[in-house]
Amino acid sequence: MTKTFTCIYHFLVLSWYIFLNYYIAQDEADKVKSKLFANGSKWKYMTLLNILLQTIFYGVAFLDDELRRIRGRKDMTFLTAFRDLLFATLAFPISTFVFLAFWILFLYNRDLVYPKALDTLFPAWLNHAMHTFILPITLTEVILRPHSYPSKKTGLTLLAAGSIAYVSRILWIYFETGTWVYPLLAKLSPVGLAASFSLSYIFIASIYLLGEKLNHWKWGDMMQPWKKRK
């Protein structure tokens, strides 16, 4: 029963994220909204990259569920290991980071991340779909199924690689267009930028460690790093 529910849950969440990607893709055809995606397309925004990332993760999770159901396998396979690695090092940390960073800045000064003018362009439900619902969905995944975490060194290194890749893209877009992806960055000095990027990594690394703690709190020693499932 639990396996069936998990499979259905992953399918529903996957369908939801596919719908969001499709809906957002339609916005690119709108001349007014398309201006937001100029100078780097929509993939310059971590929010939209996260939606794509979650789609990939839940696609992998659903495929793993189906293969387990069809083949009745119990041992950890490459697909299962990849699913857990993807969730531990990217899907959980990034979705939680997007939720926390967006709403902290929004409540402090929404013009830094989501100017009021955007309320007339995007429906409120879409804003919450991209920035609010992502957290309960990812926390449900923590509660629903145990995930095998890699060593802290491996996990934090992979997270750092992803962070460096994204920061590099932000800097490349700025040097090519003269425009910062986020208005907040335009207010910072070079030292301020370095501090901001460093603190952001410390923040998301802390979220990674929190995810590991939550996984252990819920499942105990059931999932040891990179070991066979019981």
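## Confidence and conventions

The chain has an average pLDDT of 88, and 87% of its residues score at least 70, pLDDT being the predictor's confidence in each residue on a scale from 0 to 100. This is a predicted model, in which local features need pLDDT of at least 70 and side-chain atom pairs count only at pLDDT 80 or more, while totals for chains, interfaces and linings use all residues. Residues are numbered from 1 along each chain as its sequence is written, and side-chain values use heavy atoms, with hydrogens and water left out.

Confidence is lowest in helix H2 (residues 31-34), where the mean is 57, and highest in helix H6 (residues 134-144), at 96; helices are DSSP runs of H or I with at least four residues, numbered from the N terminus. Over residues 226-230 pLDDT stays under 50, and the model has 17 contacts for them beyond four places in sequence, a contact meaning heavy atoms within 4.5 Å.

## Helices H3 and H5

The axes of helix H3 (residues 46-71) and helix H5 (residues 124-131) cross at roughly 70° and come within 9 Å. The two helices are therefore roughly perpendicular to each other, a label given to angles of 65 to 115 degrees; axes are lines fitted to C-alpha atoms over the stretch in contact, with angles from 0 to 180 degrees between N-to-C directions. Thr47, Leu48 and Ile51 of H3 make the contact with Ala129, Met130 and His131 of H5.

Within H3, Asp64 and Arg68 are four residues apart, about one helical turn. Asp64 forms a salt bridge with Arg68, with 3.3 Å between the closest N and O atoms (a side-chain nitrogen of Lys or Arg within 4 Å of a carboxyl oxygen of Asp or Glu).

Thr132 is placed in the loop between H5 and H6. Beyond its neighbours within four places in sequence, Thr132 contacts Phe99, Trp103 and Asn127.

Definitions and conventions:
Angles under 35 degrees count as roughly parallel, over 145 as roughly antiparallel, 65 to 115 as roughly perpendicular and the rest as oblique.
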